There are 2 protein chains.
Amino acid sequence: MGGGHSSLSISQGSTTCLALSCASSPFQPQESQSNSLNFCSAARFLEPHLPKSSKIFIPKSLLRCSKVHKMQTQVGDSVKSIVDPHDIDPKLVQNLAYDALVWCSLRGLLVGDRNSEKSGTVPGVGMVHAPVALLPMSFPESHWKQACEVAPIFNELVDRVSQDGEFLQESLSRTKKVDPFTSRLLEIHSKMLEINKIEEIRLGLHRSDYMLDEQTKLLLQIELNTISSSFPGLGCLVSELHRSLIQLYKEHIDLDPNRIPTNNAVNQFAEALAKAWNEYGDPRAVVMFVVQSEERNIKTLAEIDALGELRQDGTLVVDGQAVAVVYFRAGYAPSDYHSESEWKARLLMEQSRAVKCPSISYHLAGTKKIQQELAKPNVLERFLENKDDIAKLRKCFAGLWSLDESDTVNDAIEKPGLYVMKPQREGGGNNIYGENVKEALLKLQKEGTGSDAAYILMQRIFPKISHSILMREGIPHKEQTISELGIYGSYLRNKTEVVINQQAGYLMRTKVSSSNEGGVAAGFAVLDSIYLV
Amino acid sequence: MGGGHSSLSISQGSTTCLALSCASSPFQPQESQSNSLNFCSAARFLEPHLPKSSKIFIPKSLLRCSKVHKMQTQVGDSVKSIVDPHDIDPKLVQNLAYDALVWCSLRGLLVGDRNSEKSGTVPGVGMVHAPVALLPMSFPESHWKQACEVAPIFNELVDRVSQDGEFLQESLSRTKKVDPFTSRLLEIHSKMLEINKIEEIRLGLHRSDYMLDEQTKLLLQIELNTISSSFPGLGCLVSELHRSLIQLYKEHIDLDPNRIPTNNAVNQFAEALAKAWNEYGDPRAVVMFVVQSEERNIKTLAEIDALGELRQDGTLVVDGQAVAVVYFRAGYAPSDYHSESEWKARLLMEQSRAVKCPSISYHLAGTKKIQQELAKPNVLERFLENKDDIAKLRKCFAGLWSLDESDTVNDAIEKPGLYVMKPQREGGGNNIYGENVKEALLKLQKEGTGSDAAYILMQRIFPKISHSILMREGIPHKEQTISELGIYGSYLRNKTEVVINQQAGYLMRTKVSSSNEGGVAAGFAVLDSIYLV
């Protein structure tokens, strides 16, 4: 799922979902009707009367670009004075940008350049620095701690939910009728229930995404990704980049690099995969990555169908090699299943005793519909005992409704700017905002075919607007931005033994939210890190 | 100087110097008339009757791409069985190439892609993996040790020669008349002699380049670079890349990663710069990099002219900052001096008490003419006392002659294929080979203007032809190749105290030497590492 909401897919394409209608909407957080998932949000809403409230923490000295004693290593007090980065001395911005770009080149903070013809054919050609923020984004320490604290609880919740086959089947029964993709996943899930398939070793590599709601000051969950959680690698590098820049420019930027939290997502993911391999217990078996495009050393779903087999003892064998762990970097979107081949491969793997990251039930537990079901009263209680834990999770749930809740649907038709319609299907870019929410709801009501089950309604979150400098194609852009924080979680259980259950790094994504006089600009998103305040 | 002979400048341009006439030349090493400096060499000479003599050490198991026990960590005996890499299983080559490209992307083994419009405008855009060999090149351990052993002796020789102003001026007196560039350098040098300028702190970051002569099995010096020695950074990464690949494919490639010598060139260069800064003793002073193009945080010669000044006490101040160390990444080629500005800047720095890497006398000590003078009988003895040291250096001197040695000139007109004519001027690509040697010599004789002093004659070295797989633009190419080994040396002296004098890493460059039936192919060069045998 993470892939669909990736900043890179946004940054290099064009953003089609725009907040067209909410400019005059009343802002009513107590009615919990806002959400800006997928970075398609508050653009026009806050323009042109944008409050200059959101600034990052650059001391005044930076503006003056003052010369400080060269050997001075003690910066003095940790400074939290806030200066608008848009006011930073342009020469200093240039120097920072230059050094950031060099750093990206030297340390592999790179992506394929879609402008390059050759990019994507093989690695190592047509590369460009990843779109990044030049400096870290401020983030309240209390909310950071809150997000970290709930990570293992969400890990556990997913595991518990995944074991409740009835709950998954029941919750998704209406969705099944209108969404062929979810239907196919449920079909595999049913088969596993029928044969009473036991997943002894369970590996979860999740990412829970949050936005800070500006009015309520609440950390609200956007979604929980249980498959293909993206950017653990590049995300870590951005934290390092920002720490390096702050260190390098310590004379001009009075920030403390240690206030950027350590980000070991990629190592923690790798460690979890290795430990899952270890639990599997066959030193000759491999870890297999399932990927989208045709690449080497890794397998596509179609290849797994062609080359895969199941031994009597449940061992998955692909191309002659026993597989201990299957990591899905693909398989989360309908477009990953071109034919029956891919579905057969998915079933084959699910039937095997290989550790799946994720298993079909973990995958289903991460669907929007389940997210919405879990937000209903008394549902969390079905899975968790600890009342504190339940309260902590509930605190970060945004308003979520199914489309058979007519009161909410009517409210959304009246105030469409305060809701987001999210399709059950994953893949990003399909959310419905603003006046389109009204239109879509009215259309569904008229049709009355039950296809409303393919959607949920979510409170539209209006995050803080900040001033950032975003690097794209080598050029720093001063932009008004919104940000989304993803917290990675890793979970590994073998029978009753929980081997790993922890928060495992983070991903900050920052996206342009500005609008021009002539119309809303197509925003782009970058990778970012956080600076605790 | 190193820049001019860089493989990258060759690999991305087109090679203009080709060995057109030597196909039928007799091979007479005892007459010491061969040299293939600058990789413009033995192409047609060894085609099409190329002996399959040169192969690297890949065990037979690789050819069979055999499956080995996955957990086997002990490779067994260190294997030196030699298998032609051109015979490696194509699927294994594909896998190796893929992983090499991923490694390059992740670890910054990258260059700007000249095919990309944006490349070169700012860092971080339009990047492609550096041209590299897929596997290390075999190199005899004895010759490796020999090359390392003479590194500190060459460091010392440069330092001694640089102190003999009379020797430098005298040796270059004829060159001065015909080469305006050397003349300008000598002018600055004269001024320093006049004011009896003392360089208390001397920093040398050299690279001595060698080829292995196939017939004599001698390690012969091609040149000694005392300014802008290139590739300490990327060179180190290639050694790491090769070690990683061998480790990753240990089941298929039975090589010992530890036989690729540790390469810390970039750290050792950085350490030497830091220590020179330390010797200078002003914690507020900076290390300044002099560069070619307009970049930030670094200065061009013209900027130094505009912004630089000399304080009464000899301190160099540029843009308000005292400079402790000047590192020249530019200034070695006439094209770096666009106007009088650049020469004024060079003089200004030379007059200052900043540590220059290199000083004008170090720069001059690295000229071709001085190399040729040092090769004359009894000249080394003028600078070094230790007879062993002298013998070691002399052992790696190729035949070198000035153009006033008429016997040699006549021989070269007769057998032009066994000589290379090298211009005194640096910058690469200007060497004269084959029939052109004859033409050029006859023309100079006819003119009789003394412009023969702008050149030296050098024995043409015929290096071993190897089979390699070279990576360019994401694609592995099986090629017949020749290689050149550069040994870095770092030297730092403060008055009588020698702070550093050591070998400081290496650079292997491998270049296509094949020719097609239709004509000689424009060869390209790649970065390589060595595997000791």
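Me: What is a salt bridge in this predicted model, and how are A:K415 and A:D411 joined?
Reply: A salt bridge is a side-chain nitrogen of Lys or Arg within 4 Å of a carboxyl oxygen of Asp or Glu. The model is predicted. In it, A:K415 and A:D411 meet this way through their side chains, at 2.9 Å from N to O. A:D411 has a relative accessible area of 17%, so it is buried, the cut-off being under 20%.

Me: How many salt bridges does a search of the whole structure find?
Reply: Over all chains, the search gives 55 salt bridges. One of them pairs A:E373 with A:K369, whose closest N and O atoms are 3.5 Å apart.

Me: Where do A:E373 and A:K369 lie?
Reply: Both are in helix α13 of chain A, 4 residues apart, which is about one turn of the helix. That helix covers residues 368-374.

Me: Are A:E373 and A:K369 buried or exposed?
Reply: A:E373 counts as buried because its relative accessibility is 11%. A:K369 also counts as buried, at 10%.

Me: What is A:E373 in contact with, leaving aside its neighbours within four places in sequence?
Reply: With that exclusion, the contacts of A:E373 are A:F167, A:S171 and A:V379.

Me: Which parts of chain B does the salt bridge between B:R174 and B:D452 tie together?
Reply: First the geometry: the side chains of B:R174 and B:D452 meet at 2.8 Å, N to O. B:R174 belongs to helix α6 (residues 173-178), while B:D452 sits in the loop between α17 (435-447) and β14 (455-459), so the bridge ties together parts 278 residues apart in sequence. B:R174 is partly exposed, with a relative accessible area of 33%, whereas B:D452 counts as buried at 17%.

Me: Which residues do salt bridges that share partners join into one network?
Reply: In chain A, such a network joins A:R207, A:D209, A:E484 and A:R509.

Me: Now the rings. How many aromatic pairs are found over all chains?
Reply: The search of the whole structure finds 18 aromatic pairs. One of these is B:F167 with B:F383, an edge-to-face pair with 4.9 Å centre to centre and 70° between the planes. The label edge-to-face applies because the planes are over 60 degrees apart.

Me: Where in chain B do B:F167 and B:F383 lie?
Reply: B:F167 is in helix α5 (residues 165-171) and B:F383 in helix α14 (residues 380-383), so the pair links distant parts of the chain, 216 residues apart.

Me: Which residues do ring pairs link into a cluster in chain A?
Reply: The cluster consists of A:F181, A:Y337 and A:W343.

Me: What surrounds B:S529, and is B:S529 buried or exposed?
Reply: B:S529 is placed in the loop between β20 (525-528) and β21 (530-532) of chain B. At 0% relative accessibility, B:S529 counts as buried. Not counting residues up to four places away in sequence, B:S529 touches B:P136, B:M137, B:V238, B:S239, B:H242, B:I260, B:Y506 and B:M508. With B:H242 there is also a polar contact between side chains, at 2.7 Å.

Me: How should I read the overall numbers for chain A?
Reply: Chain A has 16 helices and 21 strands. Of its 533 residues, 61% count as buried. Among its contacts between residues at least 6 apart in sequence, 75% join residues at least 24 apart.

Me: What is buried between chain A and chain B?
Reply: The size of an interface is often given as the accessible area lost when the parts come together. Here chain A and chain B bury about 3,100 Å² between them, 54% of it on carbon and sulfur atoms. The contact involves 35 residues of chain A and 35 residues of chain B.

Me: What are the counts of salt bridges and of residue pairs in polar contact between the two chains?
Reply: Between chain A and chain B there are 0 salt bridges. The count of residue pairs in polar contact is 7, with both residues at pLDDT 80 or more.

Me: Which elements give two or more residues to the side of chain A that touches chain B?
Reply: They are α3 (90-107) and β2 (127-129) of chain A. The most comes from α3(A), with 9 residues. By class, this side of chain A has 16 nonpolar, 11 polar and 8 charged residues.

How values were computed
Residues numbered from 1 in each chain as written. Chains lettered and ligands numbered in written order. Heavy atoms only, no water. Contact = heavy atoms within 4.5 Å. Buried area = accessible area lost by both parts, 1.4 Å probe. Polar contact = N/O pair within 3.5 Å; in protein donor to acceptor, adjacent residues only side chain to side chain. Nonpolar A, V, L, I, M, F, W, Y, C, P; charged D, E, K, R; others polar. Phe/Tyr/Trp six-rings, centres within 6.5 Å; stacked < 30°, edge-to-face > 60°. Buried < 20%, exposed > 50% of the residue type's maximum accessible area, 1.4 Å probe, protein only.
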